[in-house]
Amino acid sequence: MGGEIARLILVVCLSGTAVAGPLDDAAEAYTRGDFDVAAKLLILYAEKGSAYEQAILGMMYDYGQGVPQDYAQAAKWYRAAAEQGYAHAQYLLGDMYTRGEGVSPDYVQAHKWLSLSASRYPLSEEKSRAKAERLRDTIASEMTAAQIAEAQLLAGEWKPK
């Protein structure tokens with residue numbers, strides 16, 4: 001999973017959405033394994049509302065890299081990014097609802113976030129979209145028709161913040 005976090009940090013740095021400087025330093029710190037420094041730099045951007053950095057910070061809390069492992073904090077940061085429409089954070093939040101880590105287990109919420117994630121991945125990320133769809137369909141097999149309908153309604157009414 002560490003490679004995935006490093007890839008996300010590098011994508012952010014190369015995407016033009018971040019300002020050169022401290023975020024570049026965060027990516028460098030992460031890739032050399034200095035997670036403490038990376039977390040301190042990333043939190044500055046995450047607190048300002050950057051969905052990419054919020055998702056990365058969530059992963060760092062999820063896996064205890066540079067910060068104490070804390071599923072509730074991971075869910076907090078995933079939610080902040082997911083509510084802005086960041087597909088990968090929506091997947092990660094849906095997965096947390098599936099597992100009941102950092103949040104109470106809730107298949108309706110899991111289905112909602114996984115459906116949103118699958119619908120928001122760009123065509124170039126077909127594998128990610130398929131992964132979200134598989135997990136959503138797996139939990140749907142454990143849900144009632146009413147729960148699935150509720151999750152679909154919530155996903156249909158959802159708007160990014």
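A crossing of two helices is left-handed if the near helix is turned anticlockwise from the far one by less than a right angle, and right-handed if clockwise. By that convention, the crossing of H4 and H6 is left-handed.

The structure is a predicted model, in which local features need pLDDT of at least 70 and side-chain atom pairs count only at pLDDT 80 or more, while totals for chains, interfaces and linings use all residues. Residues are numbered from 1 along each chain as its sequence is written, and side-chain values use heavy atoms, with hydrogens and water left out.

**Overall architecture**

The protein has nine helices and zero strands, where helices (H or I, at least four residues) and strands (E, at least two) are DSSP runs numbered from the N terminus. Of its 161 residues, 46% count as buried, a term for under 20% relative accessible area, as against exposed for over 50% and partly exposed in between (1.4 Å probe, protein chains only). Among contacts (heavy atoms within 4.5 Å) with a separation of 6 or more, 53% join residues 24 or more positions apart.

**Helix packing**

Two packed helices are described by the angle between their axes and the distance between the axes. Here the axes are lines fitted to C-alpha atoms, for helices over the stretch in contact, and angles run from 0 to 180 degrees between N-to-C directions.

| Pair | Angle | Axes | Crossing |
|---|---|---|---|
| H4 and H6 | about 30 degrees | 10 Å apart | left-handed |
| H4 and H5 | roughly 165 degrees | within 8 Å | left-handed |
| H7 and H9 | roughly 45 degrees | within 8 Å | right-handed |

Angles under 35 degrees count as roughly parallel, over 145 as roughly antiparallel, 65 to 115 as roughly perpendicular and the rest as oblique. H4 and H5 are therefore roughly antiparallel, and H7 and H9 are therefore oblique to each other.

Helix H4 spans residues 51-63 and helix H6 residues 87-99. Their contact is formed by Ala 55, Met 59 and Asp 62 of H4 with His 88, Ala 89, Leu 92, Met 96 and Arg 99 of H6. This contact holds five nonpolar, one polar and two charged residues, with Ala, Val, Leu, Ile, Met, Phe, Trp, Tyr, Cys and Pro counted as nonpolar, Asp, Glu, Lys and Arg as charged, and the others, Gly among them, as polar.

On the H5 side, H4 contributes residues including Ala 55, Met 59 and Asp 62, which meet partners in H5 including Trp 77 and Tyr 78. The residues of the H4 contact with H5 divide into eleven nonpolar, three polar and one charged.

**The nonpolar core**

A nonpolar core is a set of buried Ala, Val, Leu, Ile, Met, Phe, Trp, Tyr and Cys residues joined through side-chain atoms within 4.5 Å. The largest one comprises 47 residues, of which Met 60, Tyr 78, Tyr 91, Leu 93 and Trp 113 touch the most other members. Elements giving it two or more residues are helices H2 (22-31), H3 (35-47), H4, H5 (71-82), H6, H7, H8 (126-140) and H9.

Beyond residues up to four places away in sequence, Trp 113 touches Arg 79, Ala 82, Glu 83, Gln 90, Leu 93, Gly 94, Tyr 97 and Trp 158. Leu 114 lies in helix H7 and is buried, with a relative accessible area of 0%. Its contacts outside four places in sequence include Tyr 91, Gly 94, Leu 135 and Ile 139. Leu 114 and Leu 93, 21 residues apart in sequence, are separated by 8.2 Å, C-alpha to C-alpha.
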